[in-house]
Amino acid sequence: MSALEKSNKMSEAKLGGRFTFPGTSLTVQRLGYGAMQLAGPGVWGPPKDPDGAVAVLREAVAAGVNHIDTSDFYGPHVTNQIIRQALHPYPTGLVIVTKLGARRPPDKSWQPAISPEDLTAGVQDNLRNLGLDALDIVNYRAMGSIHGPKEGSIAEQVTVLADLRRKGLIGYIGLSNVTAAQVAEAQAITDVVCVQNNYNLAHREDDALIDDLARKGIPYVPFFPLGGFTPLQSSTLSSVADRLGATPMQVALAWLLHRSPNILLIPGTSSVAHLRENLAAGQLTLSPQTLAELDGIAAAAVGVKH
């Protein structure tokens, strides 16, 4: 084994191993990067430190990250423009996953953008701002609520994306903020290569969905893996972190990697130091006893056993 091959193997181990999106040649490290925090406060406008944003992206790729999650409605346009500035021409093997389904009017609100015209324009915006001829993976994000999905047909929107895929503008299609029924509805229309929902140590409504997707080889990508706008806080989490010489957030990320082999992580940050902390979570090993202890966090939060 060459020195380069050894280095690549070490990088894979540190970043949680590798996963291939089903039916594709796209293989990523399980620890990736979510770019939402590269925009300004409230995910609006440019960042206070544009050079720092570029540095975070370059550091992530240098560390072996090859899965970046983004959207052109972050900013809007800002995040994708920073990704292009930092990384274009993109390194071989980098997978950029974007999402459609929302728009940001001047009042900074989040509004649905789900008509065929909206979705087509969204694809074109992503292509232009990322500097791409085709998008690797596009997630359709059902609006629902900020923290969770709601039932309702997404057939029209998925059909539009499937048509854009046939035209060569999209490589593959994923879903975000969806129910199990919506996943099944979409799968009847096109191949679904990933599902991205709200899930973490304390928010585990998708346990059954994760297990079902794992049986089918479909990755599950938790958003808000660290609690989102209200970071996870738990005396149990803090106690485990102290024992392991890690931060609570590193333990929360490591728990997700242990939870199921089809979970891919995209924690976001605008800080190089915080990025390094997040990526170091891939090196944490949690014993069965520790995992059971951490599982109790959700049980205590909702009063049921998982």
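This is a predicted model: local features need pLDDT of at least 70, side-chain atom pairs count only at pLDDT 80 or more; totals for chains, interfaces and linings use all residues.
1. Let me start with glycine 42, which counts as exposed at 57% relative accessibility. Here buried means under 20% relative accessible area, exposed means over 50%, and partly exposed is in between, using a 1.4 Å probe and protein chains only. Glycine 42 sits in the loop between E3 and H2. Leaving out residues up to four places away in sequence, glycine 42 touches Arg104 and Trp110; a contact means heavy atoms within 4.5 Å.

2. Residues are numbered from 1 along each chain as its sequence is written, and side-chain values use heavy atoms, with hydrogens and water left out.

3. Now the overall build. The chain has eleven helices and eleven strands; helices (H or I, at least four residues) and strands (E, at least two) are DSSP runs, numbered from the N terminus. Its C-alpha atoms fill a box of roughly 55 × 45 × 45 Å along the principal axes. The radius of gyration is 19 Å, which agrees with the value near 19 Å that a compact globule of 306 residues would have. That radius is taken over C-alpha atoms, and the globule rule is 2.2 Å times the number of residues to the power 0.38.

4. Of the contacts between residues at least 6 apart in sequence, 73% join residues at least 24 apart. The chain exposes about 13300 Å², and carbon and sulfur atoms supply 54% of that area. These areas come from the Shrake-Rupley method with a 1.4 Å probe; for residues, only the protein chains shown count as cover.

5. For charge, there are 25 positive and 27 negative side chains, and the centres of the two sets lie 3 Å apart. Lys and Arg count as positive and Asp and Glu as negative, while His and the chain ends are not counted. The place of a charge is taken as NZ of Lys, CZ of Arg, CG of Asp or CD of Glu.

6. Valine 43 has phi near 55°, a positive value in a residue other than glycine. This residue is in the loop between strand E3 (33–34) and helix H2 (50–62), and it is buried, with a relative accessible area of 9%. Lysine 108 also deserves a glance, with phi near 70°, a positive value in a residue other than glycine. Lysine 108 lies in the loop between strand E6 (102–103) and strand E7 (111–112) and is partly exposed, at 47% relative accessible area.

7. Two prolines are worth checking on screen. The peptide bond from glycine 75 to proline 76 is cis, with omega near -15°, and proline 76 is placed in the loop between strand E4 (67–69) and helix H3 (78–87). Histidine 88 and proline 89 are also joined by a cis peptide bond, with omega about 0°; proline 89 lies in the loop between H3 and E5.

8. Threonine 98 belongs to strand E5 (residues 95–100) and is buried, with a relative accessible area of 1%. Its side chain reaches the backbone oxygen of threonine 70 at 3.5 Å. This is a polar contact, a pair of N or O atoms within 3.5 Å; within protein, one must be able to donate a hydrogen and the other to accept it, and residues adjacent in sequence count only if both atoms are side-chain atoms. Setting aside neighbours within four places in sequence, threonine 98 is in contact with residues including Thr70, Asp72, Asn126 and Ile137.

9. Glutamine 250 lies in helix H9 (residues 248–259) and is buried at 11% relative accessible area. A polar atom of its side chain is 2.9 Å from the backbone nitrogen of threonine 247. Not counting residues up to four places away in sequence, glutamine 250 touches Glu277, Ala280, Ala281 and Leu284.

10. Last, threonine 236 is in helix H8 (residues 235–244) and counts as partly exposed at 25% relative accessibility. Leaving aside neighbours within four places in sequence, threonine 236 contacts Glu293 and Ile297. The C-alpha atoms of threonine 236 and valine 272 are separated by 27 Å, with the residues 36 apart along the chain.
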